[in-house]
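I opened my notebook to write down, step by step, what I looked up in this structure. The entries start with one residue and then widen to the chain.

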Amino acid sequence: MTTISYTRAGSGDPLVLIHGIGHQRSAWGETFELLAEDFDVIAIDLPGFGKSPRPSKPHSYRMDSYVDQLEEFFAELGLDRPHVVGNSLGGLFVLELAARGAVRTATAISPAGFWGPLGLANAVVNLAVMKASTYAPRRVVKTFSDKAFLRKISLRALYQHPERVPADVAYDDALNLRRSPGFFPVAWYAVRSRFRRQPLVPVTIAWGTRDKLLLPSQATTAREALPMVSHLTLPECGHVSMVDNPELVAGAVVQTVVQAADRAGQPLLHLTGA
């Protein structure tokens, strides 16, 4: 029985949403509901984050073990090669799943694994600052979550429009970042990860032009490393583009699925984007 906690809605082809380090399934915001109009959407909390417990043996916090756990999760839910969408570290995971041929399509939003030394340093510093800030007294964390102008300061590394994050979600996300047992061990393995493998299924990599955590220059690295996949630019979006522009991100996912179906000669008339 899987220990991965998840929320499920909609009907159609299965589609799994995978968040980044320190986040949880709430990261998908309104994008979840938009995608549920076309798909059987499953938004998960990665092991060690949100409501999912830490990995249990023989699994671990290693990157390859996370991908193994995701494949086991698919099998336990009876998902036959679902479509997958991932942000940040979740983006790295969906690319790895695509390289294994374990999914139908993969959409990676500002994925990890394409950084150079300066880009990695930028990500580590920003994540460390955000993590440290969550250890402030709860009343301080609550105040920064409740006030839109303070959210704009504290969440600027994640969003181009932090004020669009609901106050209760910002507060819960801060507490999740504070107490998630997976943060430090995952960070230890993640900073050593690079993705340069050949995907075996259709892939789209989408990058926000205002990403302050994994800088847009890494999109260029991704294009050079993976010229065979589709690349999209998300204008005026930050690192967590799903909140900055839910319609744009949902549209990118639908486009990936529709184009893959067209190439395979499989009509998907139930999709609003088809």
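**Notebook entries**

I began with Phe 93 and, leaving aside its neighbours within four places in sequence, I found it in contact (heavy atoms within 4.5 Å) with Ile 18, Leu 46, Met 63, Tyr 66, Val 67 and Leu 70. I noted that this is a predicted model, in which local features need pLDDT of at least 70 and side-chain atom pairs count only at pLDDT 80 or more, while totals for chains, interfaces and linings use all residues. I also noted that residues are numbered from 1 along each chain as its sequence is written, and that side-chain values use heavy atoms, with hydrogens and water left out.

For the chain as a whole, I recorded 11 helices and seven strands, which are DSSP runs (helices H or I, at least four residues; strands E, at least two) numbered from the N terminus. Of its 274 residues, 55% count as buried, where buried means under 20% relative accessible area, exposed over 50% and partly exposed in between (1.4 Å probe, protein chains only). I also found that residues 24 or more positions apart account for 72% of the contacts with a separation of 6 or more.

Then I turned to the backbone, where the peptide bond from Lys 57 to Pro 58 is cis, with omega near 10°, and Pro 58 lies in the loop between β3 (40–44) and α2 (63–76).

Which value does phi of Arg 81 have? I read it as near 45°, a positive value in a residue other than glycine, and I placed Arg 81 in the loop between α2 and β4 (83–87). Arg 81 is partly exposed, with a relative accessible area of 37%.

My last entry is Glu 236, whose phi is near 55°, again a positive value in a residue other than glycine. Glu 236 lies in the loop between β7 (230–234) and α10 (241–244), and at 40% relative accessibility it counts as partly exposed.
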